[in-house]
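Subject: Handing over the structure

Hi,

Here's the structure I said I would pass on.

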Amino acid sequence: MQMNPVGWFEIYVQDMDRARSFYEAVLDCRLAQLPVQGGDHPGMQLWAFPMHDSGKGATGALVHIPGCPSGSGGTIVYFSCEDCAVQLQRVLDHGGSICREKVSIGPYGFIGLAHDTEGNMFGLHSTR
């Protein structure tokens with residue numbers, strides 16, 4: 001394998017406006033709506049996190065499909081940041097909750113775990 005093993009991620013949500021607002025505020029970025037092809041899922045919406053063709057890591061999108069559940073218990077996506085304590089505070093400021101405060105993972109930096117406004121658990125990773 002010559003690339004990072006994760007090429008894309010999707011976070012399923014129930015309320016796209018609320019979820020978009022949450023992630024844009026916590027990660028200080030703007031999501032872009034992606035066109036939905038075909039008619040297999042009426043009402044489906046996709047909003048992508050920023051993408052850089054030459055950047056490291058994976059990108060993905062918030063996904064809303066009517067009748068498709070969201071919440072904890074699935075894959076945990078870790079977002080990279082400078083200091084995860086900053087984003088953990090933003091989680092609280094924007095309606096989310098903290099599952100695990102910032103903790104050292106030794107030479108690999110620090111992580112924190114949080115729940116978004118849709119009940120999905122996600123991680124934050126930083127080197128300081």
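Below is what turned up, taken sheet by sheet, then the helices, then the pocket.

One thing to keep in mind from the start: this is a predicted model.

Let's begin with the sheet that holds β1. Four strands make up this open sheet, in the order β1-β4-β3-β2, and the pairing is mixed. β1 and β2 sit at the edges with a single partner strand each, so one side of each has no neighbour in the sheet. From one strand to the next, the twist averages 30°.

Going through the pairs in that sheet, β1 and β4 run parallel and are joined by five bridges. Then β2 (residues 32-34) pairs with β3 (residues 45-48) over three bridges, in the antiparallel sense. Look for Leu34, which stands opposite Leu46 in β3.

Now for the other sheet. It is open too, with four strands in the order β5-β8-β7-β6 and mixed pairing. Here β5 and β6 (97-104) are the edge strands; each has a single partner strand, so one side of each is left without a neighbour in the sheet. The twist averages 20° from one strand to the next. β6 and β7 (residues 110-115) run antiparallel, with five bridges joining them. In that pair, Val103 stands opposite Ile111 in β7. α1 packs on this sheet, where it touches β5, β7 and β8, and its direction makes about 15° with that of β8.

What else does α1 lie across? It lies across β1, β3 and β4. Relative to β4, α1 runs at about 150°. As for α2, this helix lies across β6, β7 and β8 and runs at about 170° to β6.

The two helices meet each other as well. The axes of α1 (residues 16-27) and α2 (residues 84-93) come within 8 Å and cross at roughly 150°. The crossing of α1 past α2 is right-handed. On the α1 side, the contact is made by Phe22, Ala25, Val26 and Leu27, while α2 brings in Gln87, Arg90 and Val91. By type, the residues of this contact are five nonpolar, one polar and one charged.

How big is the volume of the largest pocket? It comes to about 1,200 Å³. The lining of the largest pocket has 46 residues, and Phe9, Ala58, Thr59, Tyr78 and Phe79 are the ones that lie nearest its centre. The elements giving two or more residues to that lining are β1 (8-12), α1, β5 (78-80), α2 and β8 (121-126). β1 gives the most, with five residues. Sorted by type, the lining of the largest pocket has 25 nonpolar residues, 15 polar and six charged.

Cheers

Definitions and conventions:
Residues numbered from 1 in each chain as written. Predicted model: local features only at pLDDT ≥ 70, side-chain atom pairs only at ≥ 80, totals over all residues. Heavy atoms only, no water. Axes fitted to C-alpha atoms, helices over the stretch in contact; angles between N-to-C directions. Left-handed = near helix turned anticlockwise from the far one by under 90°. Contact = heavy atoms within 4.5 Å. Nonpolar A, V, L, I, M, F, W, Y, C, P; charged D, E, K, R; others polar. 1 Å grid on protein atoms, 1.4 Å probe; cavity = no way out; pocket = protein on both sides within 12 Å on 5 of 7 lines; lining within 4 Å. Points joined across faces, edges and corners; volume = space filled by probe spheres on them. Pairing = 2+ DSSP bridges.
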